[in-house]
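Colleague: I am new to this structure and would like to learn how to read its features one by one. Could you take me through them, giving the general idea before each case?

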Amino acid sequence: MKSILIKCIVWVSVVFCMALIFHLSHEPAEKSNETSANVISTTLKTISPRYNRMTADEQESLVNTLQSSVRTFSHFSLFCMLGFTLSLALSLHALKTPLRIFITLSGCLLYAVLDEFHQYFIPGRAQQIVDVLVDFTGSITGMLLVFVLFVIIRSVSAKKKRTA
């Protein structure tokens with residue numbers, strides 16, 4: 001029963017990641033830019049006292065300068081979460097590692113391509129192959145984090161068994 005609950009929670013997290021990516025990709029360009037600018041501005045207000053002393057024009061200029069990097073990092077991070085959760089979900093099933101890797105990477109790559117295709121229909125949004133590459137790199141990173149996590153867990157478990 002506990003195993004089924006854990007599987008459900010992890011699979012719901014996969015669906016949540018996919019829904020979040022879809023939701024953010026569905027925003028028209030103007031709204032998406034506004035969302036990014038608000039995140040950047042709020043973050044800078046919180047972590048940088050210097051930002052709060054800038055004029056409104058200086059703040060806007062800094063936010064505009066950071067837009068591209070923050071948006072790229074957002075792509076990477078969202079797909080890192082997707083790669084992590086999908087790899088973790090698949091690890092809860094009796095699948096051999098190569099198959100788990102194949103399903104995770106092909107699933108994330110397909111979702112990245114579909115995400116860019118979806119943006120074709122959203123006003124002001126552009127489809128960029130570089131976004132697919134960033135998304136896929138994030139997915140690979142997320143999947144690798146799961147493998148690192150499992151190596152750490154196995155190492156800790158092995159140490160506990162030896163000392164017990």
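Modeller: Let us begin with surface: accessible areas come from the Shrake-Rupley method with a 1.4 Å probe, and for residues only the protein chains shown count as cover. By that method the protein chain exposes about 10,600 Å², of which carbon and sulfur atoms supply 70%. Please keep in mind that this is a predicted model, in which local features need pLDDT of at least 70 and side-chain atom pairs count only at pLDDT 80 or more, while totals for chains, interfaces and linings use all residues. Residues are numbered from 1 along each chain as its sequence is written, and side-chain values use heavy atoms, with hydrogens and water left out.

Colleague: How many helices and strands does the protein chain have?

Modeller: Helices (H or I, at least four residues) and strands (E, at least two) are DSSP runs, numbered from the N terminus. Here the protein chain has six helices and zero strands, and reading along the sequence gives the pattern α-α-α-α-α-α. Taken along the principal axes, the C-alpha atoms of the protein chain fill a box of roughly 60 × 40 × 30 Å.

Colleague: What share of the 164 residues is buried?

Modeller: Buried means under 20% relative accessible area, exposed means over 50%, and partly exposed lies in between, with a 1.4 Å probe and protein chains only. Buried residues make up 31% of the 164 residues in the protein chain. Proline 49, which is found in helix 3 (residues 49-52), is exposed because its relative accessible area is 54%. Between proline 49 and histidine 26 there are 23 residues in sequence and 34 Å in space, C-alpha to C-alpha.

Colleague: Is serine 41 buried or exposed, and which residues is serine 41 in contact with, leaving aside its neighbours within four places in sequence?

Modeller: Serine 41 belongs to helix 2 (residues 29-47) and counts as buried because its relative accessibility is 15%. Contact means heavy atoms within 4.5 Å, and, leaving aside neighbours within four places in sequence, serine 41 is in contact with Tyr51 and Val63. For the protein chain, residues 24 or more positions apart account for 73% of the contacts with a separation of 6 or more.

Colleague: Where do serine 74 and valine 70 lie?

Modeller: Serine 74 is found in helix 4 (residues 56-91), and valine 70 lies in helix 4 as well. Serine 74 counts as partly exposed because its relative accessibility is 33%, and valine 70 is partly exposed with a relative accessible area of 26%. The C-alpha atoms of serine 74 and aspartate 135, 61 residues apart along the chain, are separated by 9.2 Å, while those of valine 70 and serine 36, 34 residues apart along the chain, are separated by 7.5 Å.
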